[in-house]
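Thanks, everyone. Let me put the model up, and then we will walk through it from the inside out.

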Amino acid sequence: MATSMITTLDQSSRAAARGFSDISIRNLFIIPTILFLIVFNIFPLIYSLGYSFTDFRASTNAPANFVGLKNYRDLLNDPYVWSNFAITAKYVIISVAGQLFVGFGVAMLLNRDIPLKGLLTTLLLLPMMLSMAVVGLFWKLLYDPSFGIINYALGLGTFEWLADPKMALYAVALTDIWMWSPFVMLLSLAGLSAVPKHLYEAAAIDRAGPFYTFFRITLPLVAPILMIAVIFRTMEAFKTFDLAYILTSQPTTELISIRLYKMAFQEWQTGRSCALAYIVLIMVLAITNIYVKYLNKVKER
Amino acid sequence: MAHIQLKNISKTFGNHTALSGLDLDIADGEFFVLLGETGAGKTTTLRLVAGLEKPTQGRVFIDGVDVADWGAAERDVALVLQQYSLYPRYTVRENLEFPLKSKLRRLPDAEIKDRVARAAKTLRIEHLLDRKTDRLSGGEMQRVSIGRAIVRKPRVFLMDEPLSALDAKLREALRTELKNLQIQLGATFLFVTHDQIEAMSMGDKVGVLNHGRIVQSGTPHEIYSNPRDTYVASFVGSPPMNLIDGKLVGGRAVMAPTAFELPLAGGTKAGVAAEGRPLVFGIRPEDVHLESGAPVEARVHDVENHGVEKILTLRVGDATLRATVPARTDVAIEQAVRFAWNPDKVVLFDKGSGINLRHAG
């Protein structure tokens with residue numbers, strides 16, 4: 001009964017009266033989505049692969065010439081691009097590690113009976129619901145050396161968060177940590193509440209200390225879901241553009257996606273930037289694959 | 001090895017009273033079974049002894065020392081739960097080593113190895129030592145979790161329905177194993193169960209728990225043959241004791257609405273005192289027998305064949321009672337039979353309070 005309700009249309013429904021069959025309704029829902037996906041995602045993806053082998057510039061009318069792998073060769077030999085990658089790697093590591101530490105820590109604190117737990121959790125989730133651009137603009141004000149509240153609260157005088165080339169990347173990462181730790185916290189909370197309580201009791205009876213219990217029971221059981229959080233956050237951090245672009249324009253904070261943006265829309269090297277986009281795509285895929293392999297290993301254990 | 005005493009323990013969870021005025025005394029080296037229905041407070045009692053809960057009122061003594069302020073680790077108890085509670089993602093060996101590797105009492109490696117080997121041998125899980133725990137069957141898991149309890153040589157073993165989740169065959173096997181283990185270790189066991197067969201077959205002493213109180217505590221034989229009240233009489237034994245309303249008239253039991261009477265073993269002190277009062281007569285099904293010349297006629301209402309024996313439900317007027325008869329007895333449903341009881345085995349309860357007259361004194 002239940003399956004037949006899903007697969008066939010109710011004969012007395014209005015849809016049936018207008019001559020729809022369930023196949024036509026299914027197509028009605030799916031075909032626009034597929035078309036949208038093809039036009040805006042899949043077609044540009046393939047088209048840009050073609051451009052990546054040419055010297056095309058979108059700002060001129062000159063026809064695109066096929067140059068083979070020259071774009072790729074040039075990019076991979078370009079020390080500036082490599083330094084962009086190095087900055088990105090540093091940013092990803094700081095940001096994801098920070099989110100993991102803060103998010104999991106807060107989840108540990110929340111994973112107990114405390115009053116107003118639901119309200120507290122919801123409030124803590126707010127940062128990740130904001131728009132990246134809004135967060136960027138707000139934190140720019142918060143970081144401001146002369147009237148920013150951060151320097152005022154910490155008594156740092158006119159400390160330059162964003163203008164200091166050494167500090168700027170950390171400041172961007174800090175903002176990202178503030179914004180996305182709640183995401184890690186949410187996943188960690190789900191993982192922590194799934195650890196059976198009787199295991200903790202058994203450990204207490206077995207005289208395990210708090211650290212021992214944490215490393216031998218809590219962490220191994222939460223590890224798979226933490227890995228998922230890490231995968232998501234790594235992919236996102238790798239692609240970070242808006243936050244860094246809005247907050248500062250230091251060469252030390254030029255992440256790979258900012259480099260890509262400049263190459264494509266300021267220097268109009270369309271062909272070259274397509275090649276760079278492909279390099280980034282392959283890298284993200286490779287990193288994600290390594291994580292997924294590791295995740296499966298963690299799950300199996 | 002330890003002597004455990006609970007004195008006037010009460011425990012409430014919000015509005016719910018789990019235990020009220022509970023007293024318990026478990027001698028050193030005793031296999032004590034706490035028997036009761038779901039919600040009677042068995043697990044709460046166990047958790048109080050383990051130190052996982054604090055009593056609302058009353059005191060817990062281990063070896064005469066008040067352990068109110070001691071945590072679970074200091075009480076040196078081992079706990080085996082129904083849900084196995086093995087540490088996931090570890091091998092059987094790692095699970096067994098876990099309690100020995102704690103910082104509070106780290107043992108030398110050779111000693112750990114030795115103890116794990118001995119526990120594995122006792123429980124016959126040596127071939128499983130390097131397997132992950134999630135690849136074990138229920139019986140194997142429960143053995144490992146018992147193993148994790150015995151490697152430690154704790155003062156008390158606490159077991160919370162450890163056999164309930166297992167299938168019947170395995171339950172029987174582990175029942176015997178556990179009892180042997182207890183004899184071999186000479187340890188104090190507090191075993192919680194709702195299964196009266198487990199209680200009867202394993203316990204040195206059984207405490208029947210009802211609504212947060214110990215109703216009766218004694219050897220399985222005492223509880224079975226001389227239940228303190230009608231609750232114990234109907235809870236212990238399968239099928240339960242027959243309870244029939246009646247009166248005592250001239251040394252004979254006269255059943256009230258259905259008007260049949262049976263002789264009693266005459267002249268018991270209680271018997272005389274109870275003359276004429278409304279009573280409940282209790283008789284075990286195995287003490288009811290069918291005989292052609294017996295005093296009461298009944299009809300066979302139902303026959304349950306258990307292989308070694310048959311359990312008959314007999315109907316006399318509106319009353320029904322159970323009788324256990326040898327399997328070869330040939331009876332058909334609705335057949336008329338005559339039965340008698342063993343007059344020495346009849347237990348008299350007061351109708352109002354349900355208390356056994358022999359216990360009331």
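Start in the core. The largest nonpolar core has 99 residues, and Val49(B), Leu158(B), Leu190(B) and Phe191(B) touch the most other members. A nonpolar core here is a set of buried Ala, Val, Leu, Ile, Met, Phe, Trp, Tyr and Cys residues joined through C-beta atoms within 7 Å. Buried means 20 or more other C-beta atoms within 10 Å of the residue's own; exposed means 12 or fewer, and partly exposed is in between, with C-beta atoms placed from the backbone.

Before going on, the ground rules. This is a predicted model: local features need pLDDT of at least 70, side-chain atom pairs count only at pLDDT 80 or more, and totals for chains, interfaces and linings use all residues. Residues are numbered from 1 along each chain as its sequence is written, while chains are lettered from A and ligands numbered from 1 in the order in which they are written.

Back to Phe191(B). Which residues does Phe191(B) contact, leaving aside neighbours within four places in sequence? They are Phe31(B), Phe32(B), Val33(B), Leu34(B), Met159(B) and Met202(B). Contact means C-beta atoms, placed from the backbone, within 7 Å.

Take Leu34(B) from that list. Leu34(B) lies in strand β3 (residues 31-36) of chain B. Helices (H or I, at least four residues) and strands (E, at least two) are DSSP runs, numbered from the N terminus. Leu34(B) is buried because 28 other C-beta atoms lie within 10 Å. Again leaving aside neighbours within four places in sequence, its contacts include Lys42(B), Thr45(B), Leu190(B) and Gly207(B). Val144(B) is another matter: Leu34(B) and Val144(B) are 110 residues apart in sequence and 23 Å apart in space, C-alpha to C-alpha.

There is a second, separate core, of 43 residues. Its members include Met185(A), Leu189(A), Ala237(A) and Leu255(A).

Now chain B as a whole. Chain B has eleven helices and 20 strands. Its C-alpha trace spans about 75 × 45 × 35 Å along the principal axes. Of its 361 residues, 39% are buried. Among contacts in chain B with a separation of 6 or more, 66% join residues 24 or more positions apart.

One sheet to look at. Four strands of chain B form an open sheet, in the order β2-β1-β4-β5, with antiparallel pairing. At the edges sit β2 (16-26) and β5 (65-66) of chain B, each pairing on one side only. Pairing requires at least two bridges found by DSSP. Strand β4 (residues 57-62) of chain B is joined to β5(B) by two bridges. Phe61(B) stands opposite Asp66(B) in β5(B).

Over to chain A. Its domain assignment, automatic or from a database, gives domain 1 (2-51) and domain 2 (70-300). Their centres, taken over C-alpha atoms, are 36 Å apart.

Look at helix α13 (residues 256-265) of chain A. Ile256(A), Ser257(A), Arg259(A), Leu260(A) and Met263(A) are buried there. Why are they on the same side of α13(A)? Because they cover an arc of only 155° around the axis, taken from the directions from the helix axis to the C-beta atoms. Their cover includes α5 (79-110), α11 (210-239) and α14 (270-300) of chain A.

Last, the interface. Here 19 residues of chain B contact 16 residues of chain A. On the chain B side, α2 (72-75) and β6 (77-80) each supply at least two residues. The largest share, three residues, comes from β6(B).

Methods:
Contact = placed C-beta atoms within 7 Å.
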